[in-house]
Amino acid sequence: MRTIGFLIQKEFIQIFRNKTLLPLIFAVPILQLVILVNAATLEMKKIDMTVVDKDMTSTSRQLIQKFDGSPFYQVDKARFSVKNAEADLKDNTADIVIHIPHGFEDDLLDEKEADVQFLINAINNTAAGLINAYTTSIISDYNNKILAEQIGKKFELPVEINYRYFFNTQLDYNIYMLPGILVILVTIIGMFLTALNIVREKELGTIEQLNVTPIKKYQFIIGKMLPFMVIALFELAFGLVIGHLFFNLPMEGSYAVLFLFTLVYLLVALGFGLFLSAISNSQQQVMFVMFFFMLTFILMSGIFTPTESMPEWAQTVNVINPFAYFMKVIRMIILKGSGLADIRHEIYSMLIYALIILSLAIWRYRKVA
Amino acid sequence: MTNKNIIEVENLVKKFGKFTANDQLSFNVKKGEILGFLGANGAGKTTAIKILCGISAPTSGKVSVAGFDAVKHPERIKQNIGYMSQKFSLYDDLTISENFRFFGGIYGLSRKQIRQRTGELLQRLDLYDYRNRILRSLPLGWKQKLAFSVAIMHDPQVVFLDEPTSGVDPITRRQFWELIYEASEEGKTIFVTTHYMDEAEYCDTVSMMVAGQIRAFGKPRELKEEYDVASINNLFIKLARN
């Protein structure tokens with residue numbers, strides 16, 4: 001116990017004396033949260049629309065007005081031919097083109113039916129899907145209005161859909177993204193710092209001096225893990241405070257459950273770092289391998305795209321993706337208020353995972369030169 | 001000097017693949033002796049030291065240090081030896097006293113013992129007033145002396161020094177050897193490698209390694225007579241050439 005104490009004391013002195021590391025520990029969470037939460041959004045706030053109005057009637061102008069009045073659309077250009085409008089799509093100055101053909105108003109009044117054409121820029125298929133959804137909802141709103149005028153005030157659709165969104169009632173994207181970013185933050189801090197720390201001792205040769213001392217393997221590993229565990233937990237707390245202060249992040253569940261799960265999760269994350277440092281000889285190697293795994297794991301974790309919609313093989317691969325577990329659990333706790341019983345499977349999985357990865361790390365770590 | 005052997009090596013062999021780094025080494029070192037472990041670069045000195053320190057396993061042979069078998073009980077050996085590697089390996093970003101406290105703690109010294117030993121050793125080096133200085137800013141000669149002091153902090157029976165004086169000025173080198181003599185007088189056995197042949201003359205016994213084998217082993221004076229050379233330097237050249 002005393003030996004571990006001396007090791008931890010030494011680590012903390014070194015961390016707090018490190019002129020690059022310390023500011024990073026505080027600055028990274030603020031920057032990541034503020035930038036990523038705001039930037040990585042799936043909401044379309046400004047959809048550029050080009051109008052081709054061949055009808056030039058009050059009805060067609062009314063329809064265009066519907067779009068212009070919406071906070072999501074910005075009607076910037078009017079063209080006289082579809083060809084010119086297509087050029088706007090090509091040079092990326094328009095996201096969508098609305099084409100109202102000649103005789104739109106007449107058709108609507110006489111035949112109670114008229115056509116409108118939309119051309120959507122689908123370079124980004126997700127954005128195109130969203131634009132399509134927004135546009136459809138505006139048009140259906142417009143249809144209802146026309147029907148109401150034609151039939152009278154008592155008009156009602158036979159089956160009306162009323163949505164109520166659970167757990168994120170406003171469909172606030174920040175609240176969805178923020179816990180995800182916290183997962184990445186906590187993992188990177190824990191995993192990277194642990195791995196780099198040990199490999200640095202290898203590079204400097206100080207590990208050799210430790211290897212000739214009677215320090216026990218378990219003492220070394222606990223002494224190396226504990227400081228970074230504390231820092232990673234601090235990082236989570238710090239991130240949550242920022243979330244509450246600046247992003248109205250709710251907390252439906254209990255902090256105790258969240259921190260308990262994080263603790264178990266960190267055994268896996270730091271275990272990865274330890275294992276990696278045991279098989280690497282330079283910081284460069286660690287960085288490179290880590291970068292590869294991080295990128296794959298993060299993209300597959302479900303931070304942007306739900307894991308349920310991934311192909312089956314990808315979901316199977318996610319069994320070994322620690323990010324995926326934490327990503328799921330942190331959202332469950334923060335947004336849904338899940339308790340220990342709800343996440344018990346994830347806790348068991350993480351415990352088994354930790355056991356495996358830590359055994360590997362201990363097995364690979366040798367007290368030899 | 002008692003006649004007790006503190007290091008016993010018998011037919012030590014270490015192979016890396018097909019390369020034999022240590023070929024059938026056999027020698028004994030007595031308690032309190034200063035053994036100069038000489039040899040050209042790549043002769044296998046560091047390999048042998050690492051095996052004796054318990055951080056590398058021999059391919060075959062028997063090695064015992066301070067009464068413990070290096071294969072069966074390397075961790076027991078570690079409590080009884082001090083080691084100073086070729087590469088400077090104290091923590092550059094800690095102060096002098098933080099380094100002493102850390103290594104003292106790892107070796108199981110009590111807080112009181114740590115304070116006491118740190119004070120003693122630093123006063124001997126005349127560096128007590130610098131105890132709160134970060135190591136990075138200190139000259140190499142000081143760092144080497146500090147590394148030696150850290151290596152003997154827990155009062156080990158044997159101290160292994162791997163080229164402790166390389167890159168150090170002649171005055172510091174002289175001071176360093178005074179430290180080695182002091183430690184030897186306290187009964188510690190010193191196992192030192194060096195490329196300075198004048199230093200070899202200060203040793204009680206020297207061992208000359210060539211291509212993984214020990215070619216000569218004995219007191220400097222006797223060896224010089226046996227090989228009919230004026231100095232250990234000449235002996236080294238004579239043996240290393242063949």
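Residues are numbered from 1 along each chain as its sequence is written, while chains are lettered from A and ligands numbered from 1 in the order in which they are written. In this predicted model, local features need pLDDT of at least 70 and side-chain atom pairs count only at pLDDT 80 or more, whereas totals for chains, interfaces and linings use all residues.

Chain A contains 14 helices and four strands (DSSP runs numbered from the N terminus, with H or I over at least four residues for helices and E over at least two for strands). The radius of gyration of chain A is 28 Å, well over the 21 Å that the globule rule gives for 369 residues, so chain A is more spread out than a compact globule; the radius is taken over C-alpha atoms, and the rule is 2.2 Å times the number of residues to the power 0.38. The C-alpha trace of chain A spans about 95 × 45 × 40 Å along its principal axes. An automatic or database domain assignment divides chain A into domain 1 (2–40 + 169–364) and domain 2 (47–151), and the C-alpha centres of these domains lie 48 Å apart.

Of the 369 residues of chain A, 33% count as buried. A residue is buried if 20 or more other C-beta atoms lie within 10 Å of its own, exposed if 12 or fewer do, and partly exposed in between, with C-beta atoms placed from the backbone. In chain A, 79% of the contacts with a separation of 6 or more are between residues 24 or more positions apart, two residues being in contact if their C-beta atoms, placed from the backbone, lie within 7 Å. A:Met56 is located in the loop between strand E1 (47–53) and helix H3 (58–69) of chain A. This residue, which is not a glycine, has a positive phi near 50 degrees, and it counts as exposed because it has 11 C-beta neighbours inside 10 Å.

The contact between the chains takes 19 residues from chain A and 19 residues from chain B. On the side of chain B that touches chain A, helix H2 (74–80) and helix H3 (96–106) of chain B each supply at least two residues, and H3(B) gives the largest share, four residues. This side comprises eight nonpolar, five polar and six charged residues; Ala, Val, Leu, Ile, Met, Phe, Trp, Tyr, Cys and Pro count as nonpolar, Asp, Glu, Lys and Arg as charged, and the others, Gly among them, as polar.

In chain B, six strands form an open sheet of mixed pairing in the order E6-E7-E8-E3-E9-E10, where two strands pair if DSSP finds at least two bridges between them. Strand E6 (81–84) and strand E10 (213–218) of chain B are the edge strands, each pairing on one side only. Neighbouring strands of this sheet are turned by 15 degrees against each other on average, direction ignored. Helix H9 (residues 232–241) of chain B packs on the sheet and touches E3, E9 and E10 of chain B, its direction making about 25 degrees with that of E9(B); axes are lines fitted to C-alpha atoms, for helices over the stretch in contact, and angles run from 0 to 180 degrees between N-to-C directions.

Strand E3 (residues 34–39) and strand E9 (residues 205–210) of chain B pair in the parallel sense over five bridges, with B:Met208 as the bridge partner of B:Leu38. E6(B) and E7(B) are likewise parallel, over four bridges, and B:Met84 has B:Leu161 as its bridge partner. Five bridges join E7(B) in parallel to strand E8 (residues 189–193) of chain B, where B:Thr193 is the partner of B:Asp162. Five of the five residues of strand E7 (residues 158–162) of chain B are buried, so this strand is largely enclosed by the rest of the structure. B:Val158, B:Phe160 and B:Asp162 point one way from E7(B), and B:Val159 and B:Leu161 the other way.

B:Glu163 lies in the loop between E7 and H6 of chain B. Although not a glycine, B:Glu163 has a positive phi of about 45 degrees, and with 19 C-beta neighbours inside 10 Å it counts as partly exposed.
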